[in-house]
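Have the structure open as you read.

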Amino acid sequence: MRSDLRRHPVNPLTSIRNLGILAHVDAGKTTVTERILYITGATHKRGEVHDGTTVTDFDPQERDRGITIFAAAVSCAWDGHRLNLIDTPGHVDFSDEVERSLRVLDGAIAVFDAVAGVEPQSESVWRQADRHGVPRIAFVNKLDRAGADLDSAVGSIRERLSTVPLVVQMPIGQEDAFTGVVDLLRMRALVWGPGRDTFEEGPVPDGLRAEAERRRRLLEEAVAELHPAALEEFCAESTLSARTLAAALRDLTRSGEGVVVLCGSAYRNCGIEPLLEAVVAYLPSPSDVPAVRGTLDGTVQERAADPAAPFAALVFKVQATATGRLAYLRVYSGTVRKGDTVLDVGVRRTERIGRILRVQADRHAEVDRAQAGDIVAVIGLKTARAGVTLAAPAAPLVLEPPTAAEPVVSVAIEARTSLDVDRLGSALAGLVEEDPSLTVRTDPETGQTVLSGMGELHLEVAVEKIRRARGLDVGVGRPQVAYRETVAEGVSGLVHRHVKQDGGAGQFAHVVLDVEALEPDTEAVGDNAAVGAGSFVFRSTVTGGRVPQEYIRAVEAGCRDALAEGPLGGHPVTGLRVTLTDGATHPRDSSEMAFRTAGRFALREALRACVMVLLEPVVEVTATVPDDTVGAVLGDLAARRGRVSGSTVRGGTAVITAGVPLAELFGYATRLRSRTQGRGTFATRAAGYAPVPTAVSVGILSR
């Protein structure tokens, strides 16, 4: 059932699908991607993760570790449609790769383990897709595993993801006996024999017909509740035709009101063809999504996905390769050709497109042009970074860039020899350019170079990349987490007068501030509420024009300057509201600079007068361990200041959920293996910031 479109592509705008593969680590998304490439004829051999032969996990570290680290783009064709796929990482430390990918995708396949159901990172990437409004379909994978249960997995989707699962298939056989699925729309059985690349279609087996009819009825009822046209037909006919059902499923998927659920086993090649059919039938093309919105000189503009419109594209990934500097971009409107000059709108600099490449992970095929809806890589851009907009010089437009998460873990890094110092600086600059979630700074007290990222594994991968790619011998210090400071009890009516006179026009600014704490973030996990993490609110209640509006903005800017270092330990300050209640000006000496300086020093003085609290990053840990080791695991979590929020036991395996300070998790993988004789695993996801207990904070601040 392979498509021959690899040789005869047909690519009008409506036949393009830009989609990502999203999942928790080890749910099988890379295997799903490999089977898609094989079934569509893009590859001629099935790649296997355990053999290190996959197309998308081409980096040596990915093959060594057996996980996806970097988002990889591939392209294939199916049933007259061009599919541009991005295989995204499933580990929490690389969620920024997922964020940048979702920014440029029109749809996604969410892959779930049929045994585990919704796992922590499954939930995180689902929420990321929600924020970007990306329509999804679900694929429940690994139905051939012991303990696989489609209904249980679907139940976890309903409960944990707050969506309506619309199950369009049921499995034929269980666990080792799983051989195929029943298509509930057409009421046909699809069976894959051992070692077969294609399926055989036939009538539903007699032993499954009653159950299939029951599930078809449940599907019709669920769709009728959500879709007005389907409800009208259901009330009139007491059933839904396959055509009406398919149309309604397409509408519900694209609106996000429901998610189509399919099932199979990618490792056994079962269920991939129906999954591809669902991608084409239900996920949107570039012409189905709303016109992209951008800004120009403060005004909002829209660009339709039209090859004839002015060119506009977003760079979402930059990668250094042996063939040159690759910039991956999504073209939203217009057409760009090899040799064209485009404008980097952010810096108002023109760049020349040297080559345009259709990407197949680490392999590339050169094309003459790219147009609206395409995801391609280009060579020739000298300075463009992830998040910049490229546009036609005569029609500039700034598109919203992907947001980069704040780093939470840092390590000191240094070259072993003085000869490598400059090379290390160049290597770190290249890392930050490729991965915006990494930051590099110099510690002002110690002079050390500090590399910060999203987690311990994230930094391990970055350091190993420097060692392998640049051949540098570097030393790395113990990881440190990114603490924050916040206000527990505020102050009112703090008066600060800034006066400076040194000949000529002086500086004068008089401000009165109230400082108070913001409410905690109630979405954090369990008792570990993220106290205003990442939040600052400024407002003015000054009346009578005592402080002009331009000076009020300057006071706010000064207050933001003061947030960089708190009074406890010099950590960034967050979670507070500052109110400018009064002030005074001088007819000659007042200026924006004076009021900015006054705002900065006033807030610093106010924070010293406030009762401050140290905050630390907290993660939700989900540990899967044998039930006879639960006591030891719980004791270890308690020693790490963890707070258990849930524990379930199923089939001799316990799943423990707890909120644990990130600083206490370094080295946890080794400890968990020793506590469970190598049988325990764990996953994490960010859960915000929480106050550090007083006894612990004293030790932290005394370092």
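## Rings and charges

Y328 is buried, with a relative accessible area of 4%. Keep in mind as you explore that this is a predicted model. F316 is buried too, and its relative accessible area is 4%.

How many aromatic pairs does a search of the whole structure find? The search gives 5 aromatic pairs, among them the one made by F316 and Y328. The ring centres of F316 and Y328 are 6.2 Å apart and their planes meet at 55°, so this pair is tilted. It links distant parts of the chain, 12 residues apart: F316 belongs to strand β14 (residues 312-321) and Y328 to strand β15 (residues 324-333).

Now turn to Y668 and F682, an aromatic pair that is edge-to-face. Because Y668 lies in helix α15 (residues 668-675) and F682 in strand β38 (residues 681-691), this pair ties together parts that are 14 residues apart in sequence.

| Pair | Centre to centre | Angle between planes |
|---|---|---|
| F316 and Y328 | 6.2 Å | 55° |
| Y668 and F682 | 5.0 Å | 75° |

The charged end of R330 sits over the ring of Y332, at 4.7 Å from its centre. Likewise, K465 has its charged end over the ring of F70, 4.9 Å from the ring's centre.

Conventions:
Residues numbered from 1 in each chain as written. Predicted model: local features only at pLDDT ≥ 70, side-chain atom pairs only at ≥ 80, totals over all residues. Heavy atoms only, no water. Phe/Tyr/Trp six-rings, centres within 6.5 Å; stacked < 30°, edge-to-face > 60°. Helix = DSSP H or I, 4+ residues; strand = E, 2+ residues; numbered from the N terminus. Buried < 20%, exposed > 50% of the residue type's maximum accessible area, 1.4 Å probe, protein only. Lys NZ or Arg CZ within 6 Å of the ring centre and 35° of its normal.
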